[in-house]
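Dear colleague,

Please find below the structure that I am handing over to you.

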Amino acid sequence: MSKVLIIGAGGVGGVVAHKCAMNSHVFTEIMLASRTKSKCDKIAADIKEMHGVTIQTAAVDADIVAELVVLIKSFQPKMVINVALPYQDLTIMDACLETGIHYLDTANYEPKDVAKFEYSWQWAYQERFKEAGLMALLGCGFDPGVTQVFTSFANKHQFDEMHYLDIIDCNAGNHGKAFATNFNPEINIREITQPGRYWENGEWVEIPAMSIHKPIDYPGIGPKESYVLYHEELESLVKNFPTLKRARFWMTFGQAYLTHLEVLQNVGMTSIAPIKFQGMDIVPLEFLKAVLPPPDSLGENYTGQTSIGCQIKGIKDGQDKTYYVWNNCDHAECWKEVRAQAVSYTTGVPAMIGAMLMLTNADWMKAGVWNCEELNPDPFMDLLNQHGLPWHEQINQPLPHEY
Ligand code: NDP
């Protein structure tokens, strides 16, 4: 009997709710709560129609700990799956500590007024979760999330020492809109307009945003221009795998997307500094988010695939070795299964799997605050194959991005 509370009813929240409902032998009661209850009700109606499962819904402002505590005390779940925005991570963790329940999220905390991606704030909860006998699993989407499970799976089974890691993330889909982001526009644009950063020889190398790029040949897709970005999982990966000499994260962007972004940046629309407008304080990026298509509206006519994987070079038995592990996911198939596009799907499915493991597998239930690579990767890899994200691997074959 495991009751679960899902917070956030956007693109990812919809997928988590569908997938939990499709696994009601584990998630015996589900509540979806978010700022706008009508969005939860719409998802609940789809779930009833498609999977015949009834879930509960509620309104909650997850910025307010007291509201969360009242909701948690009345529903009494075993854990929260937080798929609202990174701004709510700490308030939800506080509410979990106050009510004695476990926690999982898919993106690390950021303060609203600084676009800064680091785990320090959430790692600072380590002792409090440990002492309370509660678990917090951080960043359990695809990237962060599966990319760390892939890396730890490679480390466990393929290498004596890993030296070079490249996480490569391609979206070769087409949603037919002139400009839209595949997950929350505000968070997405904050992430890609900040300087790039990668790990090399024991230190972070900072580069101007989008200044390193090259075509990478993605399986089943072909070559796509890919850009080095800073991505949050690099911070925990280089800490947990100290043999890494270099770790980078690459993501594809189309030329039309980059041109739109450049114009928006040049006219000040991506700024997070408040400005006065008709007597009100508004944040240009928040206003921009309000006029862009929401991620959960992109799914219906989305075609093409995503491809996300880790390619690693290192040593096994004294020999050089390369390993590449990846998943390709089809936007239209995701729509058929759970009325979502593949970026929401590849985030929501691992969140459900992480929660399933925390509730059913002793290896995955440990008091404290954890990143995904710190737990046994094997059962997670099995569940990816079972729940819609099958993976493939290649050993000592030509790599998408040659060293
Ligand atoms: P959306 O913008 O589609 O959804 C966010 C949801 O959170 C909305 O329903 C929103 O409510 C709700 N919300 C926002 N603020 C509050 C609040 N104060 N209280 C309650 N609910 C709130 O975003 P996505 O679904 O695309 O993304 C969700 C999360 O997943 C983000 O944190 C994102 O960074 C993360 N993500 C992680 C990835 C990974 O691979 N690890 C990849 C993609 C996303 P309302 O509808 O009222 O606005």
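Arginine 339 lies in the loop between H12 and H13. Please bear in mind throughout that this is a predicted model. The phi angle of arginine 339 is near 55°, a positive value in a residue other than glycine. Most residues other than glycine have a negative phi, and most peptide bonds are trans. Is arginine 339 buried or exposed? With 22 other C-beta atoms within 10 Å, arginine 339 is buried, because 20 or more such atoms are required for that description.

Asparagine 396 also deserves a mention. Its phi is positive, at about 50°, although asparagine 396 is not a glycine. This residue is found in the segment after strand S18 (392–395). Asparagine 396 has 12 other C-beta atoms within 10 Å and is therefore exposed, the limit for that description being 12 or fewer.

The backbone also contains a cis peptide bond, which joins aspartate 143 and proline 144, with omega at about 10°. Proline 144 belongs to the loop between strand S6 (135–138) and helix H7 (146–157).

**Helices H13 and H14**

Helix H13 is also in contact with helix H14, through residues named below. Two packed helices are described by the angle between their axes and the distance between the axes. The axes of H13 and H14 (residues 377–386) come within 10 Å and cross at roughly 130°. H13 and H14 are therefore oblique to each other, and H13 passes H14 in a right-handed crossing.

On the H13 side, the residues that meet H14 are Ile353, Met356 and Leu357. Their counterparts in H14 are Pro379, Phe380, Leu383 and Leu384. By class, this contact of H13 with H14 comprises 7 nonpolar residues, with no polar and no charged ones.

Yours sincerely

Methods: Residues numbered from 1 in each chain as written. Predicted model: local features only at pLDDT ≥ 70, side-chain atom pairs only at ≥ 80, totals over all residues. Axes fitted to C-alpha atoms, helices over the stretch in contact; angles between N-to-C directions. Helix = DSSP H or I, 4+ residues; strand = E, 2+ residues; numbered from the N terminus. Parallel < 35°, antiparallel > 145°, perpendicular 65-115°, else oblique. Left-handed = near helix turned anticlockwise from the far one by under 90°. Contact = placed C-beta atoms within 7 Å. Nonpolar A, V, L, I, M, F, W, Y, C, P; charged D, E, K, R; others polar.
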